[in-house]
Amino acid sequence: MTDLVRPVPVAELDEVLQLTAPQVWAGLRNQSVFLTGGTGFVGKWLLECLLHAEHVLKLGLTLTVLTRDPDRFTQGSPRLAKAAAVELLKGDIADFALPRRPFSSVIHAALPVAPSQSTAGDLEKLAVAGARRACALAAASGAHRFLHISSGAVYGSTTGAQAFGEDQPWSEADDTNAYTRAKRGAESVVSEVWPFDVVIARCFAFLGPYLQGTSGAALAQFVEQAVHGKGIVVQGTGEAVRSYQYASDMARWLLSCLVLGASGRAYNVGGDAAVTIAQLADEVTRVAGTGIPVHVAGQPARGLAGPRYVPSLRRATEELGLVNAVGLEEGIRRTLSWHAPLESALD
């Protein structure tokens with residue numbers, strides 16, 4: 001079975017295995033997990049890590065993945081789709097048929113990261129319907145744990161906070177975008193009274209394998225330009241501030257939230273080393289070694305997040321013992337290596 005894109009390096013999956021608390025793997029033993037959004041960036045990383053843990057630790061996992069197009073997923077990622085522990089369920093997140101069998105846990109990660117203009121008007125409705133359907137599945141199947149993958153976008157863009165904490169009041173500005181409204185709507189649904197424990201993971205910005213330039217993320221576009229030997233172009237002013245978490249850290253944080261997170265609790269998931277977009281472009285250029293100066297176009301570039309998008313990680317660290325193992329420079333190096341043509345991959 002050959003995927004259309006290269007897999008995550010085994011060394012990185014081993015790293016996740018070693019750095020994840022043993023009680024997380026113990027909590028997943030003999031579990032039946034239902035996953036929405038399994039064909040996206042977050043979902044594929046969760047599948048990679050869970051399947052590797054299954055292979056090494058013999059956990060006895062079963063993983064059911066909801067997808068609108070099983071054939072497409074199988075053709076693009078046969079190694080994941082055809083794994084013995086994986087079953088694909090065809091359906092749309094808003095109205096899929098509920099399987100008549102038990103699941104121990106549900107991970108709800110289905111919602112576009114960067115909605116297109118054609119879907120933006122319906123995004124909030126889709127997010128609410130999808131969250132309610134996933135919760136209905138969890139209730140009907142007797143699930144005990146429900147991990148809702150949300151976003152730091154719920155905090156809004158006008159609070160002026162240096163780092164968003166989970167208790168941060170949400171900005172109710174009139175210009176709140178559709179994506180923020182969608183994520184807030186979904187959180188409202190999962191925060192209702194349900195017969196299972198709900199943990200919310202608010203994800204920020206990431207880098208790593210499976211993050212494509214078409215995602216709309218600035219870093220993904222910078223990496224794509226750099227691996228093709230092109231100079232990086234920053235469309236905006238480059239002054240916006242972000243922080244980035246490498247995907248292997250993201251995956252083990254999410255699995256830790258699923259097993260160890262307190263019921264009804266939200267946890268930020270991301271990096272805490274703040275950089276401007278211009279600094280980020282310079283760093284990608286330096287690590288890639290293209291020698292081509294970054295061009296800052298300075299054009300207005302309104303994104304899904306505000307001028308500063310950095311999480312406070314204190315709660316995840318203090319309550320779950322989570323810290324990031326991969327720094328920005330190393331994360332960029334790994335991401336460039338994964339995206340580079342095989343014959344020219346970085347050492």
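Two strands count as paired here if DSSP finds at least two bridges between them. With that in hand, welcome to a set of close-up views of a predicted model.

**View 1. Strand β9 meets strand β12 in the antiparallel sense.** Two bridges link β9 (residues 241–242) to β12, which is enough to count as a pair, since at least two are needed. Look for Arg-242, which stands opposite Val-275 of β12.

**View 2. Strands β12, β9 and β14 form an open sheet with mixed pairing.** The order across this sheet of three strands is β12-β9-β14. At its edges stand β12 (275–276) and β14 (308–309); each has a single partner strand, so one side of each lacks a neighbour in the sheet.

**View 3. Strand β2 pairs with both β1 and β3.** On one hand, β1 (residues 32–36) runs parallel to β2, with four bridges between them. Leu-35 has Val-65 of β2 as its bridge partner. On the other, β2 and β3 (residues 86–90) are also parallel and are joined by five bridges; here Leu-66 is partnered by Leu-89 of β3. Strand β2 itself spans residues 62–67, and five of its six residues are buried, so the rest of the structure largely encloses this strand.

**View 4. A right-handed β-α-β unit is built from β1, α3 and β2.** The helix in this unit, α3, covers residues 41–57. Follow this helix into the next two views, where its packing against two other helices is shown.

**View 5. Helix α1 packs against helix α3.** The axes of α1 (residues 10–19) and α3 lie 10 Å apart, at an angle of about 75°. From α1, the contact draws on Val-10, Glu-12, Leu-13, Asp-14, Val-16 and Leu-17; α3 contributes Trp-45, Glu-48, Cys-49, His-52, Ala-53, Val-56 and Leu-57. By type, these residues are nine nonpolar, one polar and three charged.

**View 6. Helix α3 also crosses helix α10.** Here the axes of α3 and α10 (residues 247–260) come within 9 Å and cross at roughly 75°, which makes α3 roughly perpendicular to α10. On the α3 side you will find Phe-41, Val-42, Trp-45, Leu-46, Cys-49 and Leu-50. They face Ala-247, Ser-248, Met-250, Ala-251, Leu-254 and Leu-255 of α10 in the contact. Eleven of the contact residues are nonpolar and one is polar, with no charged residue among them.

How values were computed
Residues numbered from 1 in each chain as written. Predicted model: local features only at pLDDT ≥ 70, side-chain atom pairs only at ≥ 80, totals over all residues. Heavy atoms only, no water. Buried < 20%, exposed > 50% of the residue type's maximum accessible area, 1.4 Å probe, protein only. Right-handed = clockwise from strand over helix to strand, strands pointing away. Axes fitted to C-alpha atoms, helices over the stretch in contact; angles between N-to-C directions. Contact = heavy atoms within 4.5 Å. Nonpolar A, V, L, I, M, F, W, Y, C, P; charged D, E, K, R; others polar. Parallel < 35°, antiparallel > 145°, perpendicular 65-115°, else oblique.
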